[in-house]
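Me: I would like to go through the labels attached to this model and see what each one rests on. Please set the values against the cut-offs.

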Amino acid sequence: MKIFVISDIHGSYTAAEKAWQIIEKNSFDRILVLGDVLYHGPRNPLPEGYDPMKVAELLNRKKDIILGVRGNCDAEIDRVLCEFPLSADYETFTLGNREVFMTHGHIHSPQMHMPLKKGSIFLYGHFHVPAARYANGIYYLNPGSCSLPKEGSAKSFAFLDEDSFTICDLDGNPLNSIRFID
């Protein structure tokens, strides 16, 4: 299974369109949207190409394969534009023999989350900084933000499959990856 993972679009059509070009060039079984889709939030600057309606229209084209979770900037009124799930604080699914727990990161975080069995994947956004690490038997994976990166990181997204997680910049260049070993 080949999965595209994106987070913290914050209404940037410019960033969403760049990511969309990658999506269109590949065949993905699933697209995971880790929240903060349309609104930029009161603490963030206005992202380049801010156009929430166009972002929703773009993502809705793949609504049948999108699984999303609600971010702290996803208001109920904004979510009516999205024709894919975007109201749960978290979702779980199985990828190969691994349990995947996906969330935005503002409620469940790497520091405080539900118990997960060894080898599970904790997939999150919210912090706008990409991460791929293994600690205490859990893989902690964050694709970063495609529109408003922080701490000097690049605008990014990720690929996830049964063997690995690869973070890429918006041109598709790999930045970091981790292979699942246990």
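Reply: Go ahead; note that this is a predicted model.

Me: How many disulfides does the structure hold, and how do you know?

Reply: The structure holds zero disulfides. A disulfide needs two cysteine sulfur atoms within 2.5 Å. For C73 the closest cysteine sulfur is that of C146, 13 Å away, which is too far for a bond.

Me: Are C73 and C82 buried or exposed, and by what values?

Reply: Buried means under 20% relative accessible area. C73 has 10% relative accessibility and therefore counts as buried. C82, with a relative accessible area of 9%, is buried as well.

Me: Where does S145 lie, and is this residue buried or exposed?

Reply: S145 sits in the loop between β8 (138-142) and β9 (156-160). Its relative accessible area is 0%, so S145 is buried.

Me: What does the side chain of S145 reach?

Reply: The side chain of S145 reaches the backbone oxygen of D8 at 2.9 Å. The cut-off for a polar contact is 3.5 Å, so the 2.9 Å distance lies within that cut-off.

Me: Which residues does S145 touch, leaving aside those up to four places away in sequence?

Reply: S145 touches S7, D8, H128, A154, K155 and S156.

Me: What makes I77 an exposed residue, and where does I77 lie?

Reply: Exposed means over 50% relative accessible area. I77 has 63% relative accessibility, so I77 counts as exposed. The residue lies in helix α3 (residues 76-79).

Me: Which residues form the nonpolar patch on the surface?

Reply: The patch is formed by M53, I77, V80 and L81, which together have about 410 Å² of accessible area.

Me: How many salt bridges are there, and why is the pair K18 and D171 called one?

Reply: The count comes to five salt bridges. The rule asks for a side-chain nitrogen of Lys or Arg within 4 Å of a carboxyl oxygen of Asp or Glu. In K18 and D171 the closest N and O atoms are 2.8 Å apart, so the pair meets the rule. K18 is in helix α1 (residues 13-25) and D171 in the loop between β10 (164-169) and β11 (174-179), so the pair ties together parts 153 residues apart in sequence. K18 is partly exposed at 30%, whereas D171, at 53%, counts as exposed.

Me: Why do K62 and E24 count as a salt bridge?

Reply: Their side chains meet at 3.7 Å, N to O, and the limit is 4 Å, so the pair is a salt bridge. This pair links distant parts of the chain, 38 residues apart: K62 is in the loop between α2 (52-60) and β3 (66-68), and E24 is in helix α1. K62 is partly exposed, with 26% relative accessibility, and E24 is partly exposed too, at 47%.

Me: What makes K63 and E83 a salt bridge?

Reply: The closest N and O atoms of K63 and E83 are 2.9 Å apart, so the pair falls within 4 Å. K63 has a relative accessible area of 35% and is partly exposed; E83, at 48%, is partly exposed.

Terms used. Residues are numbered from 1 along each chain as its sequence is written. This is a predicted model: local features need pLDDT of at least 70, side-chain atom pairs count only at pLDDT 80 or more; totals for chains, interfaces and linings use all residues. Side-chain values use heavy atoms; hydrogens and water are left out. Buried means under 20% relative accessible area, exposed over 50%, partly exposed in between (1.4 Å probe, protein chains only). Helices (H or I, at least four residues) and strands (E, at least two) are DSSP runs, numbered from the N terminus. A polar contact is a pair of N or O atoms within 3.5 Å; within protein, one must be able to donate a hydrogen and the other to accept it, and residues adjacent in sequence count only if both atoms are side-chain atoms. Contact means heavy atoms within 4.5 Å. Patches are made of residues with over 30% relative accessible area and no salt bridge: like charges are joined within 9 Å, nonpolar side chains (Val, Leu, Ile, Met, Phe, Trp, Tyr) within 5 Å. Accessible areas come from the Shrake-Rupley method with a 1.4 Å probe; for residues, only the protein chains shown count as cover.
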